[in-house]
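Please look over the two-chain protein shown below. A short report on its loops, rings and chain contacts follows.

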Amino acid sequence: MAFWIELLISGLVAGLVIGLSALSITLVFGIARFPNAATGDTMTVGAYGALLGHRATNSLLVGGLTGAIAGAIVGFLGYWFIFRKLAQRSNVALLVASIGLAFVLRAILGVSFGHSQQVFQLPLVRPWRIGDVPVHPNDLVLAGACATILAIVFAILHLTPIGRRMRAVADDPALARVSGISPSSVMTVLWLLAGAVSASAGIVAGIKTVVSPEMGWDLLLPAFAAAIVGGIGSPVGAVVAGLLIGVVQEMATPFVGFTYKIALSFLLMLVVLLVRPRGLFGKLEGAR
Amino acid sequence: MKLALRDISVRFGGFKAVDGISLAIEPGTLVGIIGPNGAGKSTLFSMVTGFLPHGEGVVSLGEADISRDTPFGRARRGMVRTFQVPREFAHLTVRENLMAAAPGQSGENLIDLFFRPGKVRNEEDAIRREVEETIDFLKLRAVADVSAGRLSGGQKKLLELGRVLMTKPKLILLDEPFAGVNPVLIEELSGHIRALNQRGIGFVIIEHDLSALSRLVSVLHVMDQGKLLASGAPAEVLARKDVREAYLGGAA
């Protein structure tokens with residue numbers, strides 16, 4: 001039993017990474033209307049940012065903030081120099097541009113930091129034991145940080161003027177424009193937010209495993225799977241589906257092995273697409 | 001604010017949907033545009049509001065040439081439109097729909113949002129008061145917290161008018177406000193339009209319901225095949241033979 005609970009916990013932590021990155025994807029898809037393939041490499045930027053910040057100050061909090069800010073900046077620059085100029089093009093053009101941005105980011109990180117794996121030097125902490133189950137304090141800190149980030153994102157979306165306008169643009173971008181809603185301020189906030197959220201996912205992934213220029217790209221596919229399972233454009237769906245996929249992957253490891261667990265997220269995605277094409281929390285798109 | 005159109009043309013490939021329209025809408029007037037389907041009325045609206053890429057000609061609002069302004073720029077200058085099929089922010093509540101359209105929200109700027117929360121809160125309070133007034137004016141109180149996508153067609157028409165009002169317009173372009181609306185609601189909408197016009201808001205209304213329209217407007221423009229066929233007082237215009245032929249297919 002303890003074994004399974006341990007798997008569940010590590011599944012939830014893995015799920016937070018997937019859920020946060022899926023949240024970033026689904027926000028961009030809902031508002032800027034294209035699948036952003038640079039999400040993975042923005043995660044990597046966040047992880048390296050946090051690594052540097054942590055090394056410089058020895059504070060995980062400062063490191064995390066550095067990483068999140070680095071991600072927000074990358075998100076904004078990508079919008080300002082690339083996606084803004086392609087806004088009137090098809091979403092295929094935007095997707096291809098985002099793949100290009102992903103490669104550029106990865107190359108810059110590779111040249112700057114080398115390709116060897118790096119780790120966060122964290123003090124070893126003895127896990128607490130609750131019954132037979134070992135609970136790592138770091139996991140709780142990470143979970144708390146993720147919950148805070150999610151709370152901030154949802155508060156911005158649902159409690160602030162800009163969030164209201166972001167949701168309006170997600171519903172009907174053309175109507176938003178003729179209603180006097182400025183696309184540039186909505187997009188600026190969207191990209192800052194999406195960058196910071198994906199960076200946070202990368203930071204958690206980096207702390208839990210290792211940091212390398214390829215890490216984000218490897219995490220991109222499960223993130224897309226979660227965004228689709230949750231219902232594309234649904235922030236709540238992305239997070240729930242991310243947690244679901246994380247847990248399913250971890251719990252299945254004893255049966256299918258470490259190498260094949262990634263396939264499960266796609267199996268889950270296929271089942272959801274076949275049974276409930278709009279995803280768990282997807283909204284029905286009105287015909288227009 | 002006077003809206004002036006000079007030699008407006010819109011082409012779709014080789015087809016001229018709007019062909020050299022010039023007209024002036026005086027400030028604070030109620031003006032109707034009629035014409036058979038495909039006459040180019042909605043296309044004209046779309047170009048004037050920046051919804052379509054600019055074709056040919058000059059659109060000016062007050063003293064300013066707004067031909068190259070963005071749609072939201074034109075909305076902020078005080079000219080807004082509605083759509084034939086009402087559109088709404090389907091997943092936002094009626095109240096949020098109205099709030100989203102209010103101008104002057106410094107809360108859409110992250111710096112103000114986090115570092116000047118007092119200012120943002122005061123603006124939000126002001127917007128909220130205005131929204132409540134609009135909700136009362138349009139009698140949408142019962143559905144204020146319902147997702148706009150779940151409203152009936154008539155309620156959506158009212159919400160659309162409300163959302164347009166929240167932008168503090170000086171000129172509203174209504175695209176078939178009475179289409180698919182029951183007679184009681186037509187009277188209600190007409191009443192709202194008159195009341196708003198009393199406050200100085202100008203209206204340009206595309207409509208096929210000629211009786212409701214001619215009771216409302218003081219000037220009627222007739223479009224046919226992209227061109228302006230006639231302009232004048234409703235009774236005069238509707239009595240013209242060429243208008244009856246174009247619009248009513250010569251049946252009268």
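## Loops with positive phi

B:Lys168 sits in the loop that runs between helix H6 (153-166) and strand S7 (171-175) of chain B. Helices (H or I, at least four residues) and strands (E, at least two) are DSSP runs, numbered from the N terminus. This is a predicted model, in which local features need pLDDT of at least 70 and side-chain atom pairs count only at pLDDT 80 or more, while totals for chains, interfaces and linings use all residues. Residues are numbered from 1 along each chain as its sequence is written, chains are lettered from A and ligands numbered from 1 in the order in which they are written, and side-chain values use heavy atoms, with hydrogens and water left out.

Most residues other than glycine have a negative phi. B:Lys168 is not a glycine, yet its phi is positive, at about 55 degrees. With 47% relative accessibility, B:Lys168 counts as partly exposed. The cut-offs are these: buried is under 20% relative accessible area, exposed is over 50%, and partly exposed is in between (1.4 Å probe, protein chains only). B:Glu176 also has a positive phi, near 50 degrees, and is a residue other than glycine. B:Glu176 lies in the loop between S7 and helix H7 (183-198) of chain B. Is B:Glu176 buried or exposed? B:Glu176 is buried, at 11% relative accessible area.

Helix H1 of chain B spans residues 41-48 and is mostly covered. Seven of its eight residues are buried. Among them are B:Leu44, B:Phe45, B:Met47 and B:Val48. B:Lys41, B:Thr43 and B:Ser46 are also on the buried list of H1(B). Just after H1(B) comes B:Gly50, with a positive phi of about 80 degrees.

B:Ser9 belongs to strand S1 (residues 3-12) of chain B. B:Ser9 is buried, with a relative accessible area of 4%. Which residues does B:Ser9 contact, leaving aside its neighbours within four places in sequence? They are B:Lys16, B:Val18, B:Asp19, B:Gly20, B:Met47, B:Gly55 and B:Glu56. Contact means heavy atoms within 4.5 Å. B:Met47, one of these partners, is a buried residue of H1(B). A polar atom of the B:Ser9 side chain lies 2.9 Å from the backbone nitrogen of B:Gly20.

## Aromatic rings

Over all chains, the structure holds eleven aromatic pairs. Rings of Phe, Tyr and Trp (its six-membered ring) pair if their centres lie within 6.5 Å; planes under 30 degrees apart count as stacked, over 60 as edge-to-face and the rest as tilted. A:Phe3 is partly exposed at 46% relative accessibility, and A:Trp4 is partly exposed at 33%. A:Tyr79 and A:Trp80 also pair edge-to-face, at 6.3 Å centre to centre and 70 degrees between the planes. A:Tyr79 is buried, with a relative accessible area of 6%, whereas A:Trp80 is partly exposed at 34%. Ring pairs also link A:Phe3, A:Trp4 and A:Phe255 into a cluster.

## Where the chains meet

In chain A, 25 residues are in contact with 29 residues of chain B. The area buried between the two chains is about 2,600 Å², and carbon and sulfur atoms give 62% of that. Buried area is the accessible area (1.4 Å probe) that two parts lose on being put together, summed over both.

Three salt bridges are counted between chain A and chain B. A salt bridge is a side-chain nitrogen of Lys or Arg within 4 Å of a carboxyl oxygen of Asp or Glu. The side chains of A:Arg164 and B:Glu124 form a salt bridge at 2.8 Å, N to O. On the side of chain A that touches chain B, helix H6 (161-171), helix H7 (173-178) and helix H8 (183-208) of chain A are the elements that give two or more residues. H6(A) gives the largest share, seven residues. A:Leu175 lies in helix H7 of chain A and is buried at 0% relative accessibility. Not counting residues up to four places away in sequence, A:Leu175 touches B:Phe83, B:Arg87, B:Glu88, B:Phe89 and B:Arg163.

Notes:
Polar contact = N/O pair within 3.5 Å; in protein donor to acceptor, adjacent residues only side chain to side chain.
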